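Let's take a walk through this structure together, stopping at a sheet and at some aromatic rings.

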Amino acid sequence: MKMNKPKMASEKGVPSTSKVHILLAQLERMTGDSMVTDPEASRQITSKLLHLIQTQEKTGREVMSKGTSGMEVILSSLESTRDSQTTLNILCILSELLTLGKGRRVGAFVSKGGTGVLLRILISASREGQPSEELMLQLHSLLAKVGLKDRKLGVKARLSGAVNVTVNLIKKNLQNIKLLLPCLQVLRVYSVNMVNAISLGKSGAIELMFKILAPYSKKNTSLIKVTVDALAALLKSKTNARRAVEAGYVSTLLSVYMDWHRHDTWHRHTVIRKGLLCCLRNITNIRLGRRAFTNADGMRILYNSSSECLTVRTLDPLVNTSSLIMRKCFPKNRLPLPTIKSAFHHQLTHVLPSGPVAQLYSQPPGVDDVVDDSDDNEDMDADTENDTENEEDEKDEKDPRSLNEDIEKDINKLHPQKSPGRPFEELKVYERFFVELTEDFQGHNIDCSTTASTTSSSSSARPSRPVIVPTAQALSPNHVTTQNSQVLCPPHKGRDPPSPPSTATAPLPPPALQLDTFRFNKELSKKEEMQQELLHALECVSVKAEAFLNADKHKGSSISTRKPSQSPLLLEGIAIRCMAGGGGSDCGSEGTEDEGAVLEVPDTAQLLPLHDLDLYVEMVKGTHSVPQYTEVAYPDYFGHVAPTFREPLLERVYGVQRSKIFQDIERLIHPNDILDKLLYDLDVPSCPVIESDGESLKFNSQFESGNLRKAIQVRKYEYDLVLNSDINSNHHHQWFYFEVSGMRVGTMYRFNIINCEKSNSQFNYGMQVLMYSVQEAISGRPRWVRTGTDICYYKNHFARSSIATGGQKGKSYYTMSFSTSFSHKDDVCYFTYHYPYTYSSLKMHLFKLEAMRTPEIYLRQDVLCETLGGNSCPLLTITAMPESNSSDHICQFRNRPLIFLSARVHPGETNASWVMKGTLEFLMGASSQAASLREAYIFKIVPMLNPDGVVNGNDRCSLSGEDLNRQWQNPDAELHPTIYHTKSLLQYLAHMQRAPLVFCDYHGHSRKKNVFMYGCSVKETIWQTNISAASTELQEDLGYRALPKILSQIAPAFSMGSCSFVVERSKESTARVVVWREIGVQRSYTMESTVCGCDQGKYKGFQIGTRELEEMGAQFCVALLRLKRMTGVHNHQHLLDLESDLIGTQPKVVSCSTTYVMDEDEPSFLEAVDYSAESNDEDGEADSEAGASSRDVSGTPDSCAAVRLSDSESSKEAWKTGRVANQ
Ligand SMILES: [Zn+2]
């Protein structure tokens, strides 16, 4: 009787806790045989227990509390009972217990083996023919809860055969909503496992889901939600996706989605709508699905529905997923080009048969960029879905391993091994570049043996002719130049050479930059009139230019003539101006320069001490480009004066990317709105520039460093631009530099550079493009300014074939899109990726540096070699003259440690040149620091390692079509002359026991902010690997850290946190690693300067400008001086010891601050989900693992969440792979 009145129990005043314990103890005693023999007793006990737990919450806590064996007792009773009522009672008890406790109780249940017990009961009940509905309901409810915590539930269920039980149950109970719901919840958990999903697909689970799936209804929405989620999980399997496509379910999904979209007017069921989109998203991972989607008019349907959602912010997830699907299904297209090989080809005299150029040009025409459908790799789908158990535990270990893949683990390679490589006989010819090291001085026999450096080996190499080392006392400043066998700068006719200071006094420091108060004598009110004059002057000019150029041609110059109609404005104007300025009055009245009305040029001489307009044109004439450019871009001619204001990083507006993508999709949906008007095309030799009709902009980029290949007007104010590939290659698109004219004032124009290649860009993180307005320049503001709004960098629908990408999958291109308006009528504007710095600019600057030389400065300019394109590669030597010709002073002079600097091996990294300019100006400057620096060191500088790349507008390569910073291990004398000879200089020095104290190659970084260094450390590399055994004993000098450490203290843009000293395999043929390993320079660095801006220090939040870059170059010098002052001695080894003291670092401390280079620099931004949309690159199998770990607390293994997670994974992957190419 008592048992039938359980309520009485607590009314008797006995504490419930003790009651629970009594009941549990009774149950425990029954476990085993008596459980079977006395079912009535077990029924009673469990019934009482259930009642207690149902009525008093604390009893549940009592059972589950730590130290008690309540759960074990319950589980073993459940296992041993054969009585269905008892089983049901216990299941109800468990259900009550597991509902509370936020999953912790479920965890305890799982850890005590509860899952297995449930599955066994399920199986044995299913064998009984007609299992009790109540039992099945309880079992599935519990399993659905267990799915939260037991990541292996899917695997356990499959192995025990429970999966099919559930499927059969669903099949038989389609109308039984009460039972159906928990069964579907469990199915949803099972489906996350990929092997289950495939097997469920085979047993008809997809068809089953579509039977339950229904049009909009207010009833049973939770059932629909679970069904949709389970379906989305099932469709992650490509086999299942194919099955669904073949059954015609794509259009079903679309119409169900539209039904919910139309009827769910209060947006109460966005989760269901999102789930339906996830189904579509997964099904379109296969090509068949994408085709079915477009055939079912999916693009238009999703475009229209998401356009209607745009206004409601809470519907963003729907819009984002829709745009993701649309982008995937947007038909892949080839670029609008006849070939993606560069429009220009440089015939190499010497081509390695296995080299990249030979491979590229041996391809049949047209093959190189056809979009190849086989790129989908779909044939492999079925195979990858075989019975590979997706055991989730493996996953966690996988990532760090792949991160480590590129780290050099070969201990032998990690130890610097001086290998001068070539016999000294061969290197002797380089002696002439080191006059300062070897010469006798005015007949004195100087014994410098104290330093064991320029001793026996050098004496044999000494030239027979005594060469005079000039001293400050003895010689005039010009002397050094004239004794050079080769003079870098061409003779400068028709004008006075830059006059060096006549006395030993230092040149005046440049005046402070006050640009905004600086005015030219032109009156702005005369603007209109001036325009007319300008045009007239230019007409005159172009005629003259031809004459000028022809004359030049007769002299054998390589500058060719273009018809004026083909080549607009620029060089003609400038060339003539130069002629008129230098040669007299040929040009008539327009040619006179002293009137304000004529083409007024900004007098930047006061502001830019190294700039000289006429000199620039002279330099251009000696520059050889493959396309034989005859024009000069105004910005390079006028020069750039850094603005006085700071330019903050652009704040990214939410939804920019989405709206750009929608506009792109509109091209497909409303093709008639697209103009498709060709305006500029390098591939059509006859009409590179289409005359403007007033409705379109005019484009041009046929000048040094320019690289626009094609411009197409797509809408009234929107232009697609295609960049040219690096010469003799078919890729490397990042750098750009082009001219625009014919604009309307105040109109917003959109520009899309559609063939970018890197998978992400600082344009997504605050960087703007640079614009130069000629009108602004002649109004007294000659400068590049950061400009552009709605800037966005995203994957587009253009792609190239796997053949073109060297056997990888076909690769998508990226669009860099920006919008801007223009403020002046009849302006000529320029857009560029980063502040241009041409080869001609370098030559001009070097020429002007000569003028900064004082008698105290020893400056020599040599030509290291000629490039493939016929340009000279300059080599500079800067130090101080010996104080006198006393032997002490000469010895000091010769024994100064060497500093070897280089820059611009990558032509697109113009910032490196600006940093180098800062270094050179500082070194030549009049400051006492500069003087001390010159007295301390001998500087050897190759300021531009890749002149040809710079001249021809390449981003990365030289004319050999190769990245020169991957050739340092085995440079070819003919194909990579600048690298070959620079390395030889270093090898020569190594032979002479004069290896530089510091080697640094200046670069630009397109993905990270700040300025930072890469160096080489054995220890820090080993710490990144798992090789721990040998490393503990390893002794390594910490001197390599001193210079970056000093820089982080004095240079505001420099960030120690971004530095890395890890040696990577992919970098083993870079300058830094080779100079470290083969030449034995411990302080061998790459210095990377951002193209974007800073996120730390004084410049935090601002974009970087030339002022900051030049400052960086100057601070680098100051740091070298500190490095020297830290010691006060010249002895290398001693210096190293002292540095270690200064840094005061224990290895462990040091390791903390090392950033591994692969670390992602930027946080993902709001629209990341759009950004990383892939159509060909999905890895559905990996997703299933991610899905298992991303179940949310509410108990829904959210397939959409899984999708998001895998996206961020794949974008991280892209970061890793993309970054490798950066240095
Ligand atoms: Zn670089």
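Is Tyr303 buried or exposed? Keep in mind that this is a predicted model. Tyr303 counts as buried because its relative accessibility is 9%, below the 20% cut-off. Its ring forms a tilted aromatic pair with Phe662, with 5.7 Å from centre to centre and 40 degrees between the planes. Phe662 also counts as buried, at 5% relative accessibility. The two residues are 359 apart in the chain: Tyr303 belongs to helix H21 (residues 298–309) and Phe662 to helix H35 (residues 656–669).

A second pair to find is Phe736 with Tyr833, an edge-to-face arrangement at 6.0 Å centre to centre and 70 degrees between the planes. Phe736 sits in the loop between strands S4 and S5, and Tyr833 in the loop between S11 and helix H37, so the pair ties together parts 97 residues apart in sequence. Phe736 is buried at 1% relative accessible area, and Tyr833 is buried at 3%. Both belong to a cluster linked by ring pairs, whose members include Phe699, Phe738 and Phe831.

Now to the sheet. Strands S5 (residues 737–741) and S11 (residues 828–832) pair in the antiparallel sense over five bridges, and Val740 has Cys829 in S11 as its bridge partner. These strands are part of an open, antiparallel sheet of five strands in the order S2-S5-S11-S7-S8. S2 (698–700) and S8 (784–787) stand at the edges with a single partner strand each, so one side of each has no neighbour in the sheet.

Finally, look for charges over rings: Lys341 lies over the face of Tyr361, 5.5 Å from the ring centre, and the charged end of Lys1067 sits over the ring of Tyr1014, at 5.6 Å from its centre.

How values were computed:
Residues are numbered from 1 along each chain as its sequence is written. This is a predicted model: local features need pLDDT of at least 70, side-chain atom pairs count only at pLDDT 80 or more; totals for chains, interfaces and linings use all residues. Side-chain values use heavy atoms; hydrogens and water are left out. Two strands pair if DSSP finds at least two bridges between them. Helices (H or I, at least four residues) and strands (E, at least two) are DSSP runs, numbered from the N terminus. Rings of Phe, Tyr and Trp (its six-membered ring) pair if their centres lie within 6.5 Å; planes under 30 degrees apart count as stacked, over 60 as edge-to-face and the rest as tilted. Buried means under 20% relative accessible area, exposed over 50%, partly exposed in between (1.4 Å probe, protein chains only). A charge sits over a ring if NZ of Lys or CZ of Arg is within 6 Å of the ring centre and within 35 degrees of the ring normal.
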